[in-house]
Protein chains: 2
Amino acid sequence: MGALHEGHLRLVEVAHQHAERVAVSIFVNPTQFGPREDFTKYPRPIETDLALCESSGVDLVFNPPPEEMYPAGHAGASELAPLIIDLPQLAGVLDGRFRPGHFRGVCQVVAKLFNILTPEVAVFGQKDYQQLRIITSMVEQLNWPIQIVPCPTLRDSDGLAMSSRNKYLTPAERQRALAISRGLFAAQTQFAGGERLAGRLVETVEEILLEGSSQVPVSIDYVAAADAETLRPIETISGPAVIAVAARVGQTRLIDNVILQP
Amino acid sequence: MGALHEGHLRLVEVAHQHAERVAVSIFVNPTQFGPREDFTKYPRPIETDLALCESSGVDLVFNPPPEEMYPAGHAGASELAPLIIDLPQLAGVLDGRFRPGHFRGVCQVVAKLFNILTPEVAVFGQKDYQQLRIITSMVEQLNWPIQIVPCPTLRDSDGLAMSSRNKYLTPAERQRALAISRGLFAAQTQFAGGERLAGRLVETVEEILLEGSSQVPVSIDYVAAADAETLRPIETISGPAVIAVAARVGQTRLIDNVILQP
């Protein structure tokens with residue numbers, strides 16, 4: 001969706017390791033935003049983005065106008081669309097519960113981009129872990145001849161997961177937002193120390209997220225432990241798992257996660 | 001789905017007009033059958049099919065076992081599938097009302113076949129008119145780099161639209177089934193004579209379908225006039241339209257249609 005940061009540029013770097021030519025799509029996709037979400041105010045610094053792509057050795061930038069992607073118009077994420085791709089089991093949990101229709105919009109636009117750009121390899125960041133799982137499953141189930149390559153989340157030096165939405169944060173909010181990664185890292189340490197009860201790890205994250213007094217309100221959409229492949233909730237961690245967080249810091253909704261490998 | 005007849009071989013012929021190499025998929029797709037439909041008894045004369053393909057100059061036949069297409073197993077058409085492609089507006093009418101989940105199964109398998117075979121051109125018969133419209137719209141909406149070529153319905157000399165399911169008919173049932181095409185042709189003639197009220201044309205078909213006494217029971221699922229592109233019901237025919245029929249003759253469900261061009 002553009003507003004490129006170092007996390008995106010790492011995706012480009014990884015893509016270069018897998019392919020001779022690298023294309024970047026920059027498209028703020030209307031069908032994955034809910035009616036009360038930030039579609040209009042989402043940052044679109046296209047000139048900066050193009051310069052970053054150029055200096056990163058990107059061979060092609062695909063930056064279509066919305067009417068080229070949706071010539072018949074488009075319904076928003078939560079409305080009835082003329083074509084729906086849904087993976088109800090993977091999309092009905094975590095972020096899907098809080099953003100109705102979001103992943104349908106994601107699947108729709110990614111399917112379109114796959115058919116337009118016909119990549120052999122596509123790189124997706126693990127910060128959007130549920131999106132990565134849904135796209136991987138879509139590609140497998142529909143036999144798209146595309147290898148999906150996951151790329152670990154990049155973080156600023158203070159721990160905050162890189163996101164185009166970090167631009168919305170005031171300095172005080174950003175300070176407060178650090179509790180998200182701090183909580184996840186604490187759960188990770190606890191897990192490394194032998195804790196296998198998912199509930200305990202989730203509690204750790206929640207406590208850190210809500211601790212301390214601050215002028216900045218934080219509201220948690222969810223803190224959840226899930227099977228890393230199926231995204232089903234888990235009680236005891238016996239295989240690869242993800243601890244995922246979505247929280248609002250002030251007006252800004254942030255997500256983050258860590259992967260746990262027993 | 002195999003059980004090839006001359007209608008299928010015409011698809012091959014048309015494909016040869018568009019492409020240097022022609023592939024045929026032969027796969028009785030479980031996900032497009034309802035629980036009470038004829039999945040198990042659907043004919044699978046693979047040796048005859050292969051011989052017909054060979055003598056028609058087919059370059060490749062793709063005839064996968066079901067577990068290769070659905071390694072994780074599959075839910076039937078009407079059950080919750082791990083991945084759903086739906087075009088609610090096009091699939092919620094006509095046959096879609098009588099075969100819940102059918103077109104989801106069709107979209108799923110066709111999407112898979114497109115990604116496996118990566119054709120530049122794909123030929124579909126107009127006998128399955130709603131399927132043709134749904135696939136055309138899916139390809140357009142998802143930007144598949146594939147040209148969909150429609151192929152007019154082939155009929156036996158008595159008028160019956162060719163279908164693999166015609167094999168189910170006893171001689172008496174086949175005789176009775178001719179009322180379907182007879183009704184559609186009568187509507188076509190009436191239309192050519194100037195009739196533009198869809199209800200009148202539908203009545204003509206229904207009357208012919210139900211007329212005469214016979215030992216063979218006929219039950220109509222629907223006779224409908226629809227916009228040829230959107231499949232929405234129409235009252236007055238002012239643009240391309242389709243009159244579509246689904247009826248059970250004995251135990252066998254048959255479909256047929258005619259296209260009307262004002």
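**View 1. Helices α8 and α9 of chain A make a right-handed crossing.**
In this predicted model, helix α8(A) spans residues 171-192 and helix α9(A) covers residues 198-210. Their axes come within 8 Å and cross at roughly 150°. With the cut-off for roughly antiparallel set at angles over 145 degrees, α8(A) and α9(A) are therefore roughly antiparallel to each other. From α8(A), the contact draws on A:A179, A:I180, A:R182, A:G183, A:L184, A:A186, A:A187, A:Q190 and A:F191. On the α9(A) side you'll find A:L201, A:T204, A:V205, A:I208 and A:L209. Sort the residues of this α8(A)-α9(A) contact by class and you get ten nonpolar, three polar and one charged.

**View 2. Helices α6 and α7 of chain A also cross in the right-handed sense.**
Here we're looking at α6(A), residues 102-117, against α7(A), residues 129-141. The two axes come within 11 Å, and the crossing angle is roughly 50°. That angle makes α6(A) oblique to α7(A). α6(A) brings A:F103, A:V106, A:C107 and A:V110 to the contact, while α7(A) answers with A:Q131, A:I134, A:I135 and A:M138.

**View 3. Strands β6, β7 and β8 of chain A form an open antiparallel sheet.**
The strand order is simply β6-β7-β8. β6(A), residues 218-227, and β8(A), residues 252-260, are the edge strands, each pairing on one side only. From one strand to the next, the twist averages 15°. Zoom in on β7(A), residues 241-249, and you can follow nine bridges to β8(A), in the antiparallel sense. To pick out one pair, A:A244 has A:N257 in β8(A) as its bridge partner. Helix α9(A) packs on the sheet and touches β6 and β7 of chain A. The direction of α9(A) makes about 160° with that of β6(A).

**View 4. In chain B, a three-strand open sheet comes with helices packed against it.**
Its strands run in the order β6-β7-β8, with antiparallel pairing. At the edges stand β6(B), residues 218-227, and β8(B), residues 252-260; each has a single partner strand, so one side of each is left without a neighbour in the sheet. Strand-to-strand twist averages 15°. β7(B), residues 241-249, pairs with β8(B) over nine antiparallel bridges. For a landmark, look for B:A241, which stands opposite B:L260 in β8(B). Helix α8(B), residues 171-192, lies across β6, β7 and β8 of chain B and runs at about 15° to β8(B). Helix α9(B), residues 198-210, packs on the sheet too, touching β6 and β7 of chain B. The direction of α9(B) makes about 160° with that of β6(B).

**View 5. Domain 1 and domain 2 of chain A meet in a contact that takes ten residues from domain 1 and 13 residues from domain 2.**
Domain 1 of chain A covers 6-151, and domain 2 of chain A covers 164-260. Taken over C-alpha atoms, the centres of these two domains are separated by 24 Å. On the domain 1 side, α5(A), residues 95-98, and α7(A) each supply at least two residues. The largest share of that side, three residues, comes from α7(A). By class, the domain 1 side has six nonpolar, one polar and three charged residues.

**View 6. Chains A and B come together in a contact with 19 residues from chain A and 20 from chain B.**
On the chain B side, the elements giving two or more residues are β3 (84-86), α4 (88-91), α6 (102-117) and α7 (129-141). α6(B) gives the largest share of this side, namely four residues. Those chain B residues divide into 13 nonpolar, five polar and two charged.

**View 7. Strand β3 of chain A pairs with β3 of chain B.**
Three bridges join β3(A), residues 84-86, to β3(B), and the strands run antiparallel. If you want one pair to centre on, A:D86 stands opposite B:I84 in β3(B).

Methods
Residues are numbered from 1 along each chain as its sequence is written. Chains are lettered from A and ligands numbered from 1 in the order in which they are written. This is a predicted model: local features need pLDDT of at least 70, side-chain atom pairs count only at pLDDT 80 or more; totals for chains, interfaces and linings use all residues. Two residues are in contact if their C-beta atoms, placed from the backbone, lie within 7 Å. Ala, Val, Leu, Ile, Met, Phe, Trp, Tyr, Cys and Pro count as nonpolar, Asp, Glu, Lys and Arg as charged, and the others, Gly among them, as polar. Two strands pair if DSSP finds at least two bridges between them. Axes are lines fitted to C-alpha atoms, for helices over the stretch in contact, and angles run from 0 to 180 degrees between N-to-C directions. Angles under 35 degrees count as roughly parallel, over 145 as roughly antiparallel, 65 to 115 as roughly perpendicular and the rest as oblique. A crossing is left-handed if the near helix is turned anticlockwise from the far one by less than a right angle, and right-handed if clockwise. Domain bounds come from an automatic or database domain assignment.
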